[in-house]
Amino acid sequence: MYDLIVVGAGPGGYEAADHAGKMGKKVALVEKEQLGGTCLNVGCIPAKAFLRSSRLFRDCCEAAAYGVRVGAPEFDMPAVVERKNRVVATLGKGVQGILKRAGVEVIRGYARLISRNTIEVAGSRYQAANLLLATGSRPAVPPIPGIQSEHTLDSNTVFALQHVPATMAIIGGGYIGLEFACFFQEIGTQVSVFEMLPQIATGADEEVSARMLQILERKGIEFHLSAKVLRIEGHTVYFATQEGRQSSVEAEYILNSTGRVPVVDDLGLENLGIDFSSKGIRTSEQGKTNIPGLWACGDVTGRRMLAHAATREGMVAVNNMFGRKDRVRYNAVPAVVYTHPEVAMVGRTEEELRNAGIKYKKSVVPMAVAGRFLVEHEDGTGLVKVLCGSDFGEILGVHAIGNGCSEFIVAAAIMVETEMCVADANEIVFPHPTVSESLKEAIAGVH
Amino acid sequence: MAVAVEMPKLGNTVEECLIARWLKQEGQVVSAGETVVEIETDKTSFEVAATVDGTVLAKFFEQGALVPVFTPLFVLGNPGENVEPFRPQSKGSTPAANVAGSPMPNARNASPVVQPVATTDASLTNSTAPLSPRAQRFAEEHNFHPQTVSGSGPGGRVLEGDLRALYHSFPKVSGAASRRVQNGAEVPREGSGIGGMILSSDMASDRGASGTRISGVREKIARRMREAVISTAQYTLHASADACGLLMLRARIKASSAVPDININDLVTFCVVQALLEVPDLNVLFVDGKILPGRGVHIGFACDTPRGLLVPVVRNAQAMTVAELATRTKELSAQAVQVKISADDLSGGTFTVSNLGVFGIESFTPLLNPPQVAILGINAIQVKAVRREGKVEFIDSIGLSLTLDHQIIDGAPGARFLKLVREKIENVEQICTI
């Protein structure tokens, strides 16, 4: 009998198992594939490894602008994949070590729920006082004829590419699609992005999303907004434009990045009366499902679908199951898009505030107010936007686009988390010269 | 030769001390070993003595100042000697102005910590043990005034350390939430933010952008009403009195031009005053477990004003004729409605009457006005059937609702008082000399 069995060893599951293990609980973690889940194996980490290489390639191409002459750089795709695999392997071992130190037993195999406190893995049954479901998500497969053809990749298979494609059609202008669009564009692929909605990076603040579109178009990425992909035949993507006109684009590869769906099937959820749908298992802010003793965290809940949100949700669930009151404050969960330039955000968007009828003040400054930003980025462009309540000046949202913002968004997250007011935030000293000074200036600009 | 006496370093971690009290003034002659000034660390107090015989030539700091260790405090020497070489560069931190009654700090100095609702009560904060000057300073700077804090100093004196420990035991309040507190919002016991931090979303009175913040007067009324319910054991007795006498008298007053206008309310109030003179047990205040007899009958009356409920007080009603009572009541209600009433006329009552009869209310539960222990509600005059000598008669009858604090007044004495009030009302024509 375990205190806790966690199903799924992604950033939600393994961190929760580690946390419970450190609390001295008897914990088991079930994983059918690699430790680390989507994030480590086919998500955040490999994508960032790829983007690191593409940025270096781009830097080499633009080195002359900084007074450095290099020869014509070459992008060695197999070597890039090899490096990515090395990084992933190192981190995977790290996860293994963490779990070992926390005394977490790792059970390999596919878990199926038998009852609210029993699971079955490879014919053996295990019992626990608490079950935490952290089964994650998988790439969505929209009902587009031909989407599973041989030239179509998804965010899992794309990491195995062994050469630089000449052309790439990306279906989906969300965070994942945009990161890959940047990557391929930087290494010399001709990229087209198809997005059903009239804007890209839906969920980001409208000003940031508009700026991003402008920057990426200028880089040479072709966008088809309000476009409906009708079918894929061989290398050709057929789509209807906003005006309803039919058109087509040919590409060496087609990348399906239309989002991710929670893994809720084939777990035995339906036998237990657990409240779930194809959009995920319903949870409270405490991580509880409708069944006592059954908890869920991460992508499988369909809530934020971000690695760090999953981690926090898992920790919260563990805290609550062992008597420590806690809840996820979703309003203060930051998000980052690792495009070039990066986008980082936390809290409410201006649109959300408007729709909620909340009175707010805003301040927008160009990233270039921070001297360091100009130093680092020849032709750099970006902005930082701060939204705060009109009565007390409490910081409600911070949205930034421009390289470097991913590293300082946590400061804004603390401000949102603690409802810090502009007057107080103005007393914080930001180090000089850093890109974070743009945040300081944006806060100082609230009147 | 003048010598300066420095702030001593009283411990390894002590960086500064507070000037608690000067025992000697400039110009006074002291001998070596005599205490000149008392100082305090956050834990306890010490005395600083004269090191040599001489005259106190200069004191460099005021009481309440926070002075770094090794800074000259005062100079001893012969009159006329120059003290300037000893004068410290720093003036120390400025003493907390007017420590006892200093006003609320503004929003920028808002405390990150505010005590929970149950212990937040400005009107009751005087019951705590004496605060050391250092503790007082801490309280002012942190806007932290707990109702009770156990002092670890001599005689239960509250030291800074005691206050600091208590301060950190309360949940933190976010920047936005503390500004709401400044605006009168209540602090809940628990917060849902980081480390239990109290967020604005945890505050009950926060209704987001769609709600309207209540006025300061309303906030006061709200607090008083809540206190009234929380701090007392209220119960209400309902009865009615034959109102024939009242109506007859009222008719006579109306008809006469010689007397000022006296209404039913004034007549009933007058009867209540007379009853209270006979039953002084209800004309008391209940404070901190003690019964304080009223020195005179000071009648508060509930007054509906544009700003909300106000309760003006007619002082020494026991010495007034009904005409005087009526005149004073009218004066005060006019002032209350026009927002001209002085704060003194809104406090000090020993008994309250509240009249909803004019709205046709037949009975209600008046809420006590603590520390008073009784309040009488006056209801509408209605026709009532009574049996007299085997016959049913219809009489005019006035309803009375008496709320009492069961902590002090049991049911039977309460009922006896209400009976007495009824008798007075029924014999109002004999009692009131117009």
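Author: Buried means under 20% relative accessible area. Keep that cut-off in mind as we walk through this model, which is predicted.

Reader: Happy to. Why does Phe75(A) count as buried?

Author: Phe75(A) has a relative accessibility of 15%. The cut-off is under 20%, so Phe75(A) counts as buried.

Reader: Let's turn to the rings. How many aromatic pairs are there over all chains?

Author: The count is 13 aromatic pairs over all chains. One of them joins Phe50(A) and Phe159(A), with 5.2 Å from centre to centre and 75° between the planes.

Reader: What makes the pair of Phe50(A) and Phe159(A) edge-to-face?

Author: Two values decide. Ring centres have to lie within 6.5 Å to pair, and planes over 60 degrees apart count as edge-to-face. With 5.2 Å and 75°, Phe50(A) and Phe159(A) form an edge-to-face pair. This pair links distant parts of the chain, 109 residues apart: Phe50(A) is in helix H3 of chain A, while Phe159(A) is in the loop between strands S8 and S9 of chain A. Both Phe50(A) and Phe159(A) are buried.

Reader: Why is the pair of Phe57(A) and Phe75(A) called edge-to-face?

Author: Their ring centres are 5.5 Å apart and their planes are at 80°, so this pair is edge-to-face. Phe57(A) is in helix H3 of chain A and Phe75(A) is in the loop between H3 and helix H4 of chain A, so the pair ties together parts 18 residues apart in sequence. Ring pairs also link Phe50(A), Phe57(A), Phe75(A), Phe159(A), Phe180(A), Phe183(A) and Phe184(A) into a cluster.

Reader: What about chain B: how do you know how H1(B) and H2(B) are oriented?

Author: Their axes come within 8 Å and cross at roughly 30°. The limit is under 35 degrees, so H1(B) is roughly parallel to H2(B). Arg134(B), Ala135(B), Phe138(B) and Ala139(B) of H1(B) meet Glu160(B), Leu163(B), Arg164(B) and Tyr167(B) of H2(B). Five of the residues in this contact are nonpolar, none is polar and three are charged.

Reader: Why does Asp162(B) count as buried?

Author: Asp162(B), in helix H2 of chain B, has 14% relative accessibility, so Asp162(B) counts as buried. Beyond neighbours within four places in sequence, Asp162(B) is in contact with residues including Val149(B), Ser152(B) and Arg157(B).

Reader: And what makes Arg250(B) buried?

Author: Arg250(B), in helix H5 of chain B, has 18% relative accessibility, so Arg250(B) counts as buried. Leaving aside neighbours within four places in sequence, the contacts of Arg250(B) are Asp261(B), Ile262(B), Asn263(B), Ile264(B) and Leu267(B).

Terms used. Residues are numbered from 1 along each chain as its sequence is written. Chains are lettered from A and ligands numbered from 1 in the order in which they are written. This is a predicted model: local features need pLDDT of at least 70, side-chain atom pairs count only at pLDDT 80 or more; totals for chains, interfaces and linings use all residues. Side-chain values use heavy atoms; hydrogens and water are left out. Rings of Phe, Tyr and Trp (its six-membered ring) pair if their centres lie within 6.5 Å; planes under 30 degrees apart count as stacked, over 60 as edge-to-face and the rest as tilted. Helices (H or I, at least four residues) and strands (E, at least two) are DSSP runs, numbered from the N terminus. Buried means under 20% relative accessible area, exposed over 50%, partly exposed in between (1.4 Å probe, protein chains only). Contact means heavy atoms within 4.5 Å. Axes are lines fitted to C-alpha atoms, for helices over the stretch in contact, and angles run from 0 to 180 degrees between N-to-C directions. Angles under 35 degrees count as roughly parallel, over 145 as roughly antiparallel, 65 to 115 as roughly perpendicular and the rest as oblique. Ala, Val, Leu, Ile, Met, Phe, Trp, Tyr, Cys and Pro count as nonpolar, Asp, Glu, Lys and Arg as charged, and the others, Gly among them, as polar.
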